[in-house]
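Reader: Hi! Could you take a close look at the cavities and pockets here, and then at the strands and helices that go with them? Please give me the cut-offs as you go.

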Amino acid sequence: MVEADLPGGMNERGGRSETSSPPLPSDALVIVPVRNLVLFPGHVVPITVGRARSVAAAQQAVRDQRPVGILMQRSPETAEPTTADMYRFGVIANIVRYITGPDGTHHLVCQGDQRFQVVEFLDGWPFFVARVLRIPEPDAHSPEIEARFLHLKAQATEALQLLPQAPEELLAAVQSVTSPGVLADLAAAYMDLKPEEKQEILETVDIAARTEKVSRILAHRIEVLRLSQEIGRQTKAAIDERQREVLLREQLAAIQRELGEGEGAKAEEMAELAEAIGKAHMPQEVEDHARKELRRLQRMPEAAAEYGMVRTYLDWLIELPWGLPEETPIDIAEARRILEEDHYGLAKIKRRILEYLAVRKLAPHGKAPILCFVGPPGVGKTSLGQSIARAMNRKFVRVSLGGVHDEAEIRGHRRTYIGALPGNIVQAIRKAGARDCVMMLDEIDKLGAGVQGDPGAALLEVLDPEQNNTFRDNYLGVPFDLSRVVFIATANVLDTIPGPLRDRTEIIVLAGYTAEEKLHIARRYLVARQLAANGVHPGQVEISDEALREIIAHYTREAGVRNLEREIGKVIRHAAVRIAEGESGAIHVTAEGLAGILGPHQFESELAMRTSVPGVATGLAWTPVGGDILFIEATRGPGSGRLILTGQLGEVMRESAQAALSIVKNRADSFGIDPARFEKTDIHVHVPAGAIPKDGPSAGVAMFTALVSLMTERCVREDTAMTGEISLRGLVLPVGGIKEKVIAAHAAGLSRVMLPARNKKDLDDIPEEVRKGLELVWLEHVDEAISLALKPSAKAADA
């Protein structure tokens, strides 16, 4: 029952009023205002009336056997509404029953009949009377309305099926409706809508618009009901699964008690754990903590959710190598033999490693530096760490840090989280089974930082000898001594290693290999490794030195030897097919036969073609994967003196080009260039491989040389490359990466390299064979580069 009015007075139990009222006009209607109720045609609702006006109106309608007009108040808080407080659209209703309760309340059972609209309110009666316009139900028939009607009926049926305990009679009533308007009113009447929304639907007379509104609201309700039903089904399934698990565990416990196995098996397990804790050689603080957790586990039922977490935690504490193994003396001679056996070349690196091992031997408990090998991929950083572990006779374990962006990967997760584990450091020590292992932190330059914290900051404690003897993993919750672990880090570039982390390591740079070094590495290691990997015996395939040199020069271009090993693997697999087909005798691979196996050359020398015209110079560049040659191309055309720079150049490189042009303009007379030509000429400087970003000051000399070559029409020597930063005074300033750049020039077939004179200190880093194969020219001033790099002029410069 919907309560519309507060209780009020009435003169008799359902009787007539003692006062007489004038007769009502034929087009007038007795109005009963209601709160929060919208009556639709064809809908039956009970209404409680209590205000004197409403009681008088109901009695008059019953006495005259007239219908009443049900109008909703705009504000339910209004106790005595006026005509302005009521909506103008309502429903004419027939009073089916009039009941007066024992407590004096009056109740009407009304059935909606037809919509109406108030034309005007009339005075002269003790209740609301209004002249109204009756609105008949439109008799509209069209394919669109028929389609909307069928869609709305399907929606109403689905909604009732989704509702829990929906009356079957209501479903049958919906399915039996044949009028679109009646169906829309029926659905709106039973939907849980705000009174204002129902009033809006009541005032919508057009059938198409009414069904559209009801259908849109019903679609939203159906989606909510679907989600509610799915949530309820999932919740019930989860509860049923937990109840099933509890029941099964209780049954299992009962069976174990009947068999006499339950308590005895648990007691035996607890005894084994206690014995294991005693044998783990834990520090006293850790052992006390472990036995406290064991007592918790003993009091805990096996069905408890925390039982497995505590048991796993105790397993981790027991399996960690808390005690130190017996110290093994370091044999320096054996270490030198291992390094020579595992690696070719790298004399300075091997010498530094032997110094490191000697210090570890003389001061086993001292705080040795943490080595960080920096170099391009494939130069042997990881294998050097393995050789150090062999030389020290210790376990080797590798922790990959590439892409790690969560601090918990280093420090571990707290045990409150489901599936928590210790960090990678503790996991690696457990895997090694020794507290004095050699741990390689691989790709330390590729650490990331995110919302979960900064793993690089967490590594500071791990790598600090002053702190790592009490390293506390979040999962373990107890200190663990990392001071006896030999940490070795690797990286490709230094720039991305955080400063504080780089400060805790000693940087050892591994540059790329020369072609001769690659030949020796291939002959000593790579060929044998690929023969074994492909199941071929050493005597079945022979690769000549000329073939290996051909692969190095024309099928690979790298600082390391990874791609070289892949190409050698292709050659051996090609031979393996012939062997598997039954070919007898040794297969000889020569340089002439490589094209049929590996295809045409992948890398060709472009030096002669690139430098055959004025304005083209060969520079040298450093990249994370080693050195490379860099071509600077300049051209000119009619214009207004602009400098155009292309090739995806960085800000520093663009400034180098501007500085080079300023020097050329300033010294134009000394080079035989008419200064007036610059005002009528646009100069375009381009660095090929435009998809690759380039930056840095070391191309200054090459840009200056290319500009002078362009303006004087003198070609740059094809056999010459150059590097160096320039100043506006014409000085050649030092740059980095000299070793990698010179090796790249040698590999590219150049014979002369011009370098800053202030980089002579880097001469010892250049391999001896490279120095023998190159003429190194040291520059103090840019004028020296012009006199040494440019060919004589074929014709006089233009005036």
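Author: The largest cavity is lined by Leu37, Val38, Leu39, Ile70, Leu71, Met72, Phe89, Gly90, Val91, Gln199 and Leu202. Since you will want the ground rules, this is a predicted model in which local features need pLDDT of at least 70 and side-chain atom pairs count only at pLDDT 80 or more, while totals for chains, interfaces and linings use all residues. Residues are numbered from 1 along each chain as its sequence is written, and side-chain values use heavy atoms, with hydrogens and water left out.

A cavity is a set of points, on a 1 Å grid over the protein atoms alone, where a 1.4 Å probe fits but cannot get out; a pocket is an open set with protein on both sides within 12 Å along at least five of seven lines, and lining residues have an atom within 4 Å of a point. The grid points are joined across faces, edges and corners, and a volume is the space filled by probe spheres set on them. The largest of them holds about 40 Å³.

Which elements supply at least two residues each to that lining? They are strand E4 (68-72), strand E5 (89-100) and helix H5 (195-202). Helices (H or I, at least four residues) and strands (E, at least two) are DSSP runs numbered from the N terminus. The lining divides into nine nonpolar residues, two polar ones and no charged residue. For these classes, Ala, Val, Leu, Ile, Met, Phe, Trp, Tyr, Cys and Pro are nonpolar, Asp, Glu, Lys and Arg are charged, and the others, Gly among them, are polar.

Ile99 stands opposite His107 in E6. The two strands form a hairpin with five residues between them, and Gly104 in the turn has a positive phi of about 90°.

Strand E6 (residues 106-122) also pairs with strand E3 (residues 44-49), again in the antiparallel sense, over six bridges. Here Val45 has Cys110 of E6 as its bridge partner. Strand E7 (residues 128-135) runs antiparallel to E6 too, joined by seven bridges. Leu122 faces Val129 of E7. The hairpin of E6 and E7 has five residues between the strands, and Gly124 takes a positive phi near 110° there.

Helix H11 (347-362), strand E14 (505-509) and helix H25 (738-747) each give at least two residues. H11 has the largest share, four residues. By class, the lining has 19 nonpolar, seven polar and 10 charged residues.

Ser215 sits in helix H6 (residues 207-259) and is buried, with a relative accessible area of 11%; buried means under 20%, exposed over 50% and partly exposed in between (1.4 Å probe, protein chains only). Leaving aside residues up to four places away in sequence, Ser215 touches His151, Leu152 and Gln155, a contact being heavy atoms within 4.5 Å. Helix H9 (residues 307-319) has 13 residues and reaches 18 Å from its first C-alpha to its last, close to the 18 Å expected at 1.5 Å a residue; the expected span is 1.5 Å times one less than the number of residues. Tyr307, Val310, Tyr313, Leu314, Trp316, Leu317 and Ile318 are the buried residues of H9.

Finally, some backbone angles to check. Asn393 has a positive phi near 60°, lies in the loop between helix H12 (381-392) and strand E9 (396-400), and is exposed at 56% relative accessible area. Glu713 also has a positive phi near 60°; Glu713 is in the loop between helix H24 (700-712) and strand E21 (720-722) and is partly exposed at 26%. Most residues other than glycine have a negative phi.

Terms used. Pairing = 2+ DSSP bridges.
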